[in-house]
Structures are given as structure tokens and as C-alpha cells.
Amino acid sequence: MEIRCNQFQELSKKALKDQNLQQALKNFSTLIQENRNSAFSLLDNPEGLREQAHTIKKETLERLDEHLEHLEKNVIRLGGRVHWARDAKKARELIETIACDKGVKTVVKGKSMVTEEIALNQGLIARGIEVSETDLGEFIIQLAEEPPSHLVGPAIHKTKGQIAELFSEKLGVRLMEDPQEMTMFARNTLRHKFIQADMGITGVNFAVAKTGSIVLLENEGNIRLSTTLPKIHVAIMGIEKVIRNLEDLNIFLKLLARSTTGQKLSSYTSIITGPKRAGERDGAEEFHLIILDNGRSKILADEELRETLYCIRCGACLDFCPVYLKIGGHSYGWVYSGPIGSILTPQLINRKQAFQLPFASSLCGACAEVCPVKINIPKILLALRRRMIEDPQWGKPSSMAEKAIFTLYAYIMRNKWLYERISRIARIAQMPFIKKGILKNLPPPFNRWTHHHEVVPLEKTFRQQWKEVSNKYEEL
Amino acid sequence: MEDREQILSLIRIKDTKNTPLFKERKKQELLIQWQDIEHRRARHVKELVQSFKRECELLTGKVYVARTNDEACQFLASIIKEAGIKQIIKWSSPLLKRLEIDRLLDSLGVQNMLLAAKGSANEVRQRDYTGPASKAELGISGVDYGLADTGALVLRTSPDQNRAVSLLPPVHVAIMESKCILFSSDDLITQLLLDLEEKGNLDSCLTLITGPSVTADIELNLVLGVHGPKELHVIILESN
């Protein structure tokens, strides 16, 4: 999909003015935060589980090559095919080739971020293949020709009125603005597609090396249909999706649905091990697994940033992020949004294009607190920020003037005498700019602060306040 | 091939040749563990049924506890009669055979739309999905394991236990013996590890089902039955 990360500021300004979006984000976050927290509170030892998940990811990634080879061996043993793709283009070509070789005319798809990442649909459609997104949210945004705005709820930004409008415009049906009626209409439309489809394409939540299985979680059943009805199933995974064994899977199953929607388990968890066996009536006869790098090996090699790859795409960091919950998913300009998008996107695409993203955070740390695999997102944000201002390869190194200002600032902060003098001057100098207790319209370059923030004026110094408080205390 | 070698060389960050990839539990150890699970299960079967029922009902599942085979069949019959169902698809697993469900269906005038799997795989597929079976109003399956802590049903796939029964029709009725209920996914994993030891592989597909098919994609409104069943009924048959 088109990358618009460099328009971050314009896109987020637009999002802030979008009343529907603001209302949707508010409703969404209230519900999802409550659900997630209550689901975690029912666990015996949630902290222990998160620690375990973190360790599993760490250990698995350290020997990723061996685990992927192990996975490959087992998938092949079971009669599946394994394909490797260095980048998005190669992955698209692989899937297009499979589809064309087998004379595939129609494809049904389960929701998958990685297929968005490689812009799979456009490639298939260009070859005359009909591609139907089948997750209800994805179905809606495919009609709207929009990218998903949330890892888990791709259409949370749309109101039922907008969706009814969309159905009437694109599908020629006038429906009530009733979620039940619209959902049932989608069910019937898509059931027909499932029955016709020659190929089902899904992502992978976990690939278990030891058993050669892929594991898929969902609530709707569209992924089960995509893997059960068509003759060919193609599953695509980033290299980081492999886990070692069933014991590891058990840990992640306890965490993923709880983090995603606050369910104990998703409605459906499918553990698919190779193509269908002799005598079985349904399931794909042909199973292909695409293993995609697309920039991930670079992240793996970078010890400071490696934790980025621990992500299991639950979306919890989005649901708790005060920035995401204001600007929504589309502002981030690409597939991955929210805190994880802010660290993942600059590492996967052209860094300079996404250099604003790591700065779009208040570093409050909510993301790290809810992350089921304990990725220290704020730490990675800071590491990226540092690289972006220091390293021309990563972003926009700061200007001489900026450097000079901060050197001076650091000097003042370290020097007590100077600090006291300057802050005394600042207290007097700020007086003309205080309006109703807020600093407004400072002259440049300070207007960069007052333009976007409500800046509280400098109060009495700490020492003065301390003296007053202790005097009062002594009087008592 | 080129991509494979390139990726593998790029991600080789640690030299750990000849050390095991992970700790594996021995078969003996697993067997002992499974025995322990069975003992605990036998002692707590009442609690397990209650816990499963509670969890499943939280997810809008309807749970019926039957003391005898006849009672189980009566529950099934009343579900079918109440909804006025005429066409079903079903598993042919041992429990369903033992309950003589086919006879019950005959007496109710209900037709099993899943015909014998004669002909090529392609013909069977055509028949099942575009033919009469796709119009079934209800699917009857057995259950291999239930999980008491989440209300999950665990369904294996085999020639007698196809995937579509719990997926295509708008209503799914699952019949489970109470002795199949495990405490949690921890127990299930032990069983799957034993599968691996004994059969060398997992089943082609294992499905964990908790509640009906559901979406909240339109303004967070919960709508049941978006793609799969919108009703889930579980008949628990108390084991002797």
C-alpha cells in the first residue's frame, strides 16, 4: 500500500478534527481497556506469563535460523510446500505464480497484516484474479478502498451510517443502519465467495517448528472457512512468527486473545498441521507456507532494536496509547499503527520517510505496561530518536543551531549560579505572555512549544516553595 | 532457493551448533503426567462440568447435562424440533454411533445431507459445499476434549470428523462425554505431546471452539453468526 508516513502531521491534524473518528476511538478504548484488564486479572500469574513469553521470544530469535529450518523440514514432511521470500516483491511473485499455475480465478482471504504489508491484493488483482477480504472489518474497508486503521479492528473508524452508505454505493443494496442486518448481508455475500474460491490466503499467528503446524486465531470463522473450503491454502508469515513447540504455544494462547479483545480464548483457534490427510472430506489438499523477511533480518541483527520482533500483533499497545487514541490508525501512514507501528515502520520501510513516527509518543509507557511479551517500546522509541537526530542514514540530524541551543541548555542546567539567574530573568520575561494562567504566543523559537501545548508559566522556584512550606510546617 | 540461503545466513546470529533446540519431555514423563491428570479429573468431574457449563454459558452457549444416553438424545431431539430443522450434517464418530443418532434423526424425519464420501476428493468437495450439504440447518459433532477453565471445545479432524460440521450450518450441537473435560489448555498440551510421541504427528486440524462465531466490526456491536454458527449447544453426557 501507499506509504504516507511523511504526511504524519497533516494526517493527524485531519484525524483530530474528525468527530466520528474521535467518538469511535473513545467508545472503543473504554470497552477494550476494561475487557483486557479484567481478562488479565483472572490469570493466576499474569506477570509470570508475560516474563515467560518474553523469554521464549528472546531465546527463539537467538536461534531463528535453526527453528525456521526445523519448521521447514516438518512442513515438507507433512506434504506442505515451503517458499522463502527476501522481500515483498518476491513474496507477491511466489503467490501469484502458485495462483496462475493452478488456474486460480478467485481467492478468499483471512485478515492478515503481513499481506497488507506486501500489498498482495493489488498484485493478484492485476493478474485478473478476484480477491475477497472476508473478515467483516476488512470486507468493509476493501469496499471503501482504505487501509485498516487498527491491527485487530480494521474498520473501527467507520460509523454504521457510513457502512450502510458504502454497501448501497458499492453493492447496490439499501440496508437499515443496523449492524445485525448488515452483518447478515455480508455473511450471505461472502459465503457464496467461500464456496466458489479456488484458493484461501491467510496469515499465521504462530508457526510451531516442532510439529510443522500453523496456528490461527479468529472470532468470525472466516479463517476457518478460508482454510477448509478452497483446494489450496497459502499461509504467509514473517520470519519472527516461528515458535519452538507446543509448550510455547500454550503460553501465547493464554496471552494473545486476552490482550487482543479481553477474551480468554478467541472463538476459534485452528492448529493446522499440513494439508488434509487421506480420507478426510475437507481442508486444503495443497498447503503452501511463505516465509517472509522483508527487512526483519536487519532488525534481528540490531541488538538494540531486536525486541521489535517479539511483537505478536495483539494491538494492546494501540488500545492504551494516548496518542493513538487521539489520532487513529490512518495517521501513521502505513500498515502498522500505534506504538508498535512507531517502532516497526521506520525499521521496515525507508527510514527517512517515517522519521516522525518515533517522536509521536509522550513516552508515558502504557504500551510497555500492557505488552503481553513485554517489549520495552519506550526504550526502542528513544533509541530510534537518538539515531534519527545523530545519524544521517536514519533521519534528519539536528541543525547546528539546535545542537548549540541544547549544549547551552545542558550547560545552564549544570551550573547552579547561572541557572538561578536565568530562571529569575525568565520569570520576569514571561509576564506579558501569560493569558488566563497559560503561556501563549511566545516569540520564536519558543512558539513551537506554545503553539501545540498548553504551557504552564514558571512558578516560584523550588527553593522558595520549600522555604514557605517548611515555615508553615514549623508554625504548626 | 537463493532467498532461503540469504535469509538463513542473515539471521544466523549465534553459533550454537549441536546443542538441543529446546528441552523435551520424555514419553515416560508425559505418561505419568497424563495419569495424574486422569486421576484429578476423575475426582473433580462434577466441578469440571460445572465450570465448563458456566464458562460456555457466559459466551451464549447453551449447555445441557444428560445423565443417560436417552436423555442426551431427548435434548438433541428437542433442539431439532424447536427450530423445525429438516436437514443436518454430522460426524460419524463412535459416541454419535453409540447414541444411535441416525435412528433418532430418522424418527424425526430429519435428513443427513452429508452423503457417503464416494468418488474423487473433488467430487466429494463439490457435493459437500455446493450441493445439498451446504444447505444444512444444523451440524452435530462430537467433542474430543472440553476445557473447563475457558469453556472451549477441542475438535480433532479425521475422516469421520470433518471440519465443516462445526462451521457451515447456522447451529452447532456438540455432544461431549463428561470424562472428556480437562482442567485447562495445560492438560490439552500434555495430550497433544503424547499424540506426537505415539502417532508422530498432530491431526491435520485441531479446532478450539469457544462460543459461537462473532464479530464486533460495526461500531463494536456484537453480532453472532457472522460466518460460522450463531448458536452453540453443548450436550454433556455424564460418563458412568
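Among contacts in chain A between residues at least 6 apart in sequence, 72% link residues at least 24 apart; two residues are in contact if their C-beta atoms, placed from the backbone, lie within 7 Å. This is a predicted model, where local features need pLDDT of at least 70, side-chain atom pairs count only at pLDDT 80 or more, and totals for chains, interfaces and linings use all residues. Residues are numbered from 1 along each chain as its sequence is written, while chains are lettered from A and ligands numbered from 1 in the order in which they are written.

**Chain A as a whole**
- Chain A holds 22 helices and 12 strands; helices (H or I, at least four residues) and strands (E, at least two) are DSSP runs, numbered from the N terminus.
- The C-alpha trace of chain A spans about 90 × 55 × 50 Å along its principal axes.
- Of the 476 residues in chain A, 50% are buried, where buried means that 20 or more other C-beta atoms, placed from the backbone, lie within 10 Å of a residue's own.

**Where the two chains touch**
- Here 69 residues of chain A are in contact with 59 residues of chain B.
- Helix 10 (residues 179–196) of chain A gives the most to the side of chain A that touches chain B, with 7 residues.
- That side of chain A has 25 nonpolar, 24 polar and 20 charged residues; Ala, Val, Leu, Ile, Met, Phe, Trp, Tyr, Cys and Pro count as nonpolar, Asp, Glu, Lys and Arg as charged, and the others, Gly among them, as polar.

- An open sheet of 8 strands has the order 8(A)-5(A)-6(A)-9(A)-9(B)-6(B)-5(B)-8(B), with mixed pairing; two strands pair if DSSP finds at least two bridges between them.
- Strand 8 (242–243) of chain A and strand 8 (181–182) of chain B stand at the edges, each with a single partner strand, so one side of each is left without a neighbour in the sheet.
- Strand 9 (residues 268–273) of chain A pairs with strand 9 (residues 205–209) of chain B in the antiparallel sense over 5 bridges, and S270(A) has T207(B) as its bridge partner.
- Strand 6 (residues 213–218) of chain A also runs antiparallel to strand 9 of chain A, joined by 6 bridges; there, L217(A) has T269(A) as its bridge partner.

**Parallel pairs in chain B**
- Strand 2 (residues 87–90) of chain B pairs in the parallel sense with strand 3 (residues 111–112) of chain B over 2 bridges, and I88(B) is partnered by N112(B).
- Strand 2 of chain B also pairs in the parallel sense with strand 4 (residues 138–142) of chain B, over 3 bridges; here the bridge partner of K90(B) is I140(B).

Technical notes. A residue is buried if 20 or more other C-beta atoms lie within 10 Å of its own, exposed if 12 or fewer, and partly exposed in between; C-beta atoms are placed from the backbone.
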